[in-house]
Amino acid sequence: MTATLTAERIEVRDFDDFQALALRNTWQDGLPLVPPTEDRVAAMLTYCDRDPSYSYGTVAPFYGNATVEKLAIIAVMAGCAPEYFPVVCAAVEAVVQPEFNLYGLQATTSPVTPLVIVSGPLADEIGVNGADGAFGHGNVANATIGRALRLVLVILGGGTVEPQVDRSTHGFPGKYSFCAAENTAATPWDPFPVQRGFDRSSSTVSVFGVHGFHSMVDIVSDDAADLMLTLSAGVAATGTNNMTHGGEALLVMCPEHAAIVGNSGWSVSDVQHFLFEHARIDMTRLPEGFRTYLRSRRPKWVDQDRYPVVDRPEQHQILVVGGTGIHSVYLPSFGSTMAVTRPIVDAGGNPVPTLAALRS
Amino acid sequence: MPITVLSPAPSRLESTRTGAPRPEGLGGLTVGLLDNNKPGASIILTHLGELLRQRGAADVKYWCKAHPSGPSPYVAEAAKQADIVISGVGDCGSCSSWSLRDALDVEAHGRPTVTLVSTPFLAKTRIEADAIGLAGAPIFAVEHPMATRSDADLRTEAESLLGAIVTSLVRAG
């Protein structure tokens, strides 16, 4: 296997010398990296049946070629176990799709990064956390898969803070890593990829170009409409890119909130239509100058006092992630981006429900 | 004990882009303005269009995209209907990058372009032009911030950029 790897070989003195090399070349995110030795890279390729020269596309804005070989090297650097590699590849394939607008996401002053959501049997098999603490620390798969994608954006895409290509005004903690599983065991609805036409037995990776993380607590509502009114008020946040651009907006419901709504017979479409009707901004609170600005962006809505954050109900995307508790999360999007879902498949394009099918 | 590591550095794609040939003089040319819909951009661009007309351009055409942070749907139309194109004005990260990208895509159709951004985004767009394969693509900066300045101030700035823009778009006739 290693005979087919064409990457330049570089000799370093030791672990620390590799960190210095990575720093000089801006192959880094500020944290220590695992040296990508031949043995480790070969092990990473165990769960990939594609040729190392196969490319998933190019990564904006530098348009470096995302070959299997480079992705394996970077996945090693991020600390991924080999069984995570199919997810890393699918995530990269997803973010390079034109509708995701990675060129805009990498450049923007907004606090934006891809959120990676793994759905299906493979998420359980490799241990991606979609329950308690899913967006936080402490799970190796979540941490390193998300980190690997970020390092791909930096190393192959050139999305560095210095030199200043990534121009995010504040940055975003998710720019270190932002990956979780969908909590398909706890959702009262079809899993997100099934809503998008994928088979229930498929494993998939979905990416969302998210713009912040706004938690919303409601411990008292036990009625679906009451709870959805609380969440709608949070989704109607002013100043988001959804407000200025429209586009898709992601509501991540905790299992307890999802159960209240789903067990009352509400479908995902019902939730989307309710949000579209009730997650509206009171335009009378805004100065005329800002309204004038919005008139050039979303003219259809500006002269309505109740201004929606998306243009169509189905642009409210609904996911169930998280564990015990009554906190749901609104993740507005970059606006000029669309979520992309990619199935985890082998080189022949056949779905890979479990790792055994990929082991070479 | 030395370690041998594999380099993660990407193989760069071979550049297939070359700058469009520059026409001789402004006389008779149609100027295309690709507005990115940022506040103030239309003031700067339309004033530049008027100044170029005063200097001999025959006509000015104007397109404004709905959202600054994505591609302009008017790239092909502008390349077809205009002889020289000004794209901008990028005053944030994604909109400056996309104004540049719109311009470079017009160049790929064989029309000369310049891109306008605000000062903090000049270095990054130059780096990106290099990465996209057209190092040295003409990019000029206006003072930042742009959105809160008076129309008169923006017109004055357009006037100060005019000479450099003309030099970048046409050969001395």
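## Residues with positive phi in chain A

In this predicted model, Thr26(A) is partly exposed, with a relative accessible area of 23%. Thr26(A) is not a glycine, yet its phi is positive, at about 50°. The residue sits in the loop that runs between helix H1 (15-24) and helix H2 (38-44) of chain A.

Asn101(A), also not a glycine, has a positive phi of about 60°. Its place is the loop between H4 and helix H5 (102-107) of chain A. Asn101(A) has a relative accessible area of 6% and is therefore buried, since buried means under 20%.

## The mixed sheet of chain A

Chain A contains an open sheet of 4 strands with mixed pairing, in the order E5-E4-E6-E13. Its edges are strand E5 (179-181) and strand E13 (340-343), each of which pairs on one side only. From one strand to the next, the twist averages 20°. Strand E4 (residues 113-119) and strand E6 (residues 204-210) of chain A run antiparallel and are joined by 7 bridges. Within this pair, Thr113(A) stands opposite Val210(A) of E6(A).

Helix H4 (residues 85-95) of chain A packs on the sheet and touches E4, E6 and E13 of chain A. The direction of H4 makes about 45° with that of E6(A). Helix H7 (residues 140-155) of chain A lies across E4 and E5 of chain A, at about 140° to E4(A).

Is Leu122(A) buried or exposed? Leu122(A) counts as buried because its relative accessibility is 1%. This leucine belongs to helix H6 (residues 121-126) of chain A.

Leaving aside residues up to four places away in sequence, Leu122(A) touches Val87(A), Ser203(A), Ile344(A), Pro353(A), Thr354(A) and Leu355(A). Leu122(A) and Pro86(A) are 36 residues apart along the chain, and their C-alpha atoms are separated by 9.6 Å.

## A nonpolar surface patch

Val217(A), Ile219(A) and Val220(A) make a nonpolar surface patch of about 340 Å². Val220(A) lies in the loop between strand E7 (214-217) and helix H9 (224-235) of chain A. With a relative accessibility of 69%, Val220(A) counts as exposed, because the cut-off for exposed is over 50%.

## The parallel sheet of chain B

In chain B, 5 strands form an open sheet with parallel pairing, in the order E3-E2-E4-E5-E6. Strand E3 (59-64) and strand E6 (139-142) are the edge strands, each pairing on one side only. The average twist from one strand to the next is 20°. Strand E5 (residues 113-118) of chain B pairs with E6(B) in the parallel sense over 4 bridges. Leu116(B) has Phe140(B) as its bridge partner in E6(B).

Helix H4 (residues 122-132) of chain B packs on the sheet, where it touches E5 and E6 of chain B. The directions of this helix and E6(B) make an angle of about 165°. Helix H5 (residues 151-169) of chain B lies across strand E4 (84-90), E5 and E6 of chain B, and runs at about 175° to E6(B).

## Cis peptide bonds in chain B

Gly88(B) and Val89(B) are joined by a cis peptide bond with omega of about 10°. Val89(B) is part of strand E4 of chain B, a strand of the parallel sheet.

The peptide bond from His144(B) to Pro145(B) is also cis, with omega near -5°. Pro145(B) is found in the loop between E6 and H5 of chain B.

Methods: Residues numbered from 1 in each chain as written. Chains lettered and ligands numbered in written order. Predicted model: local features only at pLDDT ≥ 70, side-chain atom pairs only at ≥ 80, totals over all residues. Heavy atoms only, no water. Patch = residues over 30% accessible without salt bridge, like charges linked within 9 Å, V, L, I, M, F, W, Y side chains within 5 Å. Areas by Shrake-Rupley, 256 points an atom, 1.4 Å probe, with all protein chains shown as cover. Salt bridge = Lys/Arg side-chain N within 4 Å of Asp/Glu carboxyl O. Helix = DSSP H or I, 4+ residues; strand = E, 2+ residues; numbered from the N terminus. Buried < 20%, exposed > 50% of the residue type's maximum accessible area, 1.4 Å probe, protein only. Contact = heavy atoms within 4.5 Å. Pairing = 2+ DSSP bridges. Axes fitted to C-alpha atoms, helices over the stretch in contact; angles between N-to-C directions.
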